[in-house]
Amino acid sequence: VLVGLFILLQLKLLRYAYMRVGLDSRVAMLVLLGSLLGSYINIPVAQLAEARVASDEVIDFFGMRYVVPVEVDWPGTIIAVNVGGALIPSLLSIYLLARNRIWLLGAVGTVIVVVIVNRLAFPVPGVGIAVPVLAPPLVTAVVAVLLSRRLAGPLAYVSGSLGTLIGADLLNLDKLHGLGAPIASIGGAGTFDGIFVTGILAALLAGLGAR
């Protein structure tokens with residue numbers, strides 16, 4: 001019963017976060033379900049040269065535990081795009097930019113987040129590129145509220161999602177070779193990891209700050 005209650009509270013909170021961004025309840029639920037289910041789908045886009053990869057290890061990073069899967073005869077690091085953590089947030093960000101006409105504010109906020117997140121991101125052997133979990137949403141929320149209190153919610157989601165995607169993942173692709181990560185997932189390999197959690201938390205925090 002406690003586990004079920006916890007899951008329901010989380011789903012309500014996540015739906016509320018999407019509604020703060022500017023989506024109605026039905027669309028928010030569809031995006032939420034798509035993000036949750038899509039977080040388990042990684043689309044391979046490239047493969048680095050053959051190298052030794054980590055296998056069957058547990059790596060601790062800023063209080064987060066990453067379990068490296070057991071791999072046999074793995075050809076090397078595969079770069080993949082996570083559907084729930086990269087593809088859906090990117091499409092939603094473009095939609096929010098067009099709907100709210102915040103192209104300039106979105107660009108400014110994204111650039112600021114890119115610079116800060118890129119400074120915080122660094123390679124972790126066996127995992128890939130990692131960033132302290134709470135740093136991007138906190139930075140994004142402050143930036144969004146300072147740029148526009150009225151549009152802080154959608155602005156935070158756009159800046160946090162695109163800023164983290166570019167600053168942490170895309171600008172660090174050249175550092176992946178030799179890390180020993182079986183899969184380098186752009187957008188995070190877990191449900192509540194990477195861009196997904198950044199966009200949601202940033203929107204919530206920005207909404208509270210705007211009030």
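Q: In which helix is the place of Thr-110?

A: Thr-110 is found in helix 4, which covers residues 103–120. Helices (H or I, at least four residues) and strands (E, at least two) are DSSP runs, numbered from the N terminus. The model is predicted, so local features need pLDDT of at least 70 and side-chain atom pairs count only at pLDDT 80 or more, while totals for chains, interfaces and linings use all residues. Residues are numbered from 1 along each chain as its sequence is written, and side-chain values use heavy atoms, with hydrogens and water left out.

Q: Is Thr-110 buried or exposed, and which residues does Thr-110 touch?

A: Burial is read from relative accessible area: buried means under 20%, exposed over 50%, and partly exposed in between (1.4 Å probe, protein chains only). Thr-110 has a relative accessible area of 10%, and is therefore buried. Contact means heavy atoms within 4.5 Å. Not counting residues up to four places away in sequence, Thr-110 touches Val-158, Ser-159, Leu-162, Gly-163 and Ile-166.

Q: At what angle do helix 4 and helix 5 pack?

A: Axes are lines fitted to C-alpha atoms, for helices over the stretch in contact, and angles run from 0 to 180 degrees between N-to-C directions. Helix 4 and helix 5 have axes 10 Å apart and pack at an angle of about 150 degrees. Helix 4 is therefore roughly antiparallel to helix 5 (under 35 degrees counts as roughly parallel, over 145 as roughly antiparallel, 65 to 115 as roughly perpendicular and the rest as oblique). Among the residues that meet are Val-108, Ile-112 and Ile-116 in helix 4 and Val-139 and Val-143 in helix 5.

Q: How do helix 5 and helix 6 cross?

A: Their axes come within 8 Å and cross at roughly 135 degrees, so helix 5 is oblique to helix 6. The contact includes Pro-136, Thr-140 and Ala-144 of helix 5, together with Leu-155, Ser-159 and Gly-160 of helix 6.

Q: What is the strand order in the sheet?

A: Strands of a sheet pair through backbone hydrogen bonds, either parallel or antiparallel. Two strands pair if DSSP finds at least two bridges between them. Here an open sheet of 3 strands has the order 1-4-7, with mixed pairing. Strand 1 (42–47) and strand 7 (183–186) are at the edges with a single partner strand each, so one side of each has no neighbour in the sheet. From one strand to the next, the twist averages 30 degrees. Strand 1 and strand 4 are antiparallel over 5 bridges, with Gln-47 partnered by Ile-78 in strand 4. Strand 4 (residues 78–82) and strand 7 are parallel over 4 bridges, and Val-81 stands opposite Ile-186 in strand 7.

Q: Why is strand 4 largely enclosed, and which helix lies across the strands?

A: Strand 4 is largely enclosed by the rest of the structure because 4 of its 5 residues are buried. Helix 3 (residues 83–100) lies across strand 1, strand 4 and strand 7, at about 55 degrees to strand 4.

Q: How many residues has the largest nonpolar core?

A: A nonpolar core is a set of buried Ala, Val, Leu, Ile, Met, Phe, Trp, Tyr and Cys residues joined through side-chain atoms within 4.5 Å. The largest has 29 residues, and Tyr-18, Leu-92, Ile-200 and Ala-206 have the most contacts inside it. Among the elements giving two or more residues to this core are helix 1 (2–21), helix 3 and helix 7 (194–210). Apart from this core lies another, of 13 residues, including Val-113, Val-117, Leu-176 and Ile-186.
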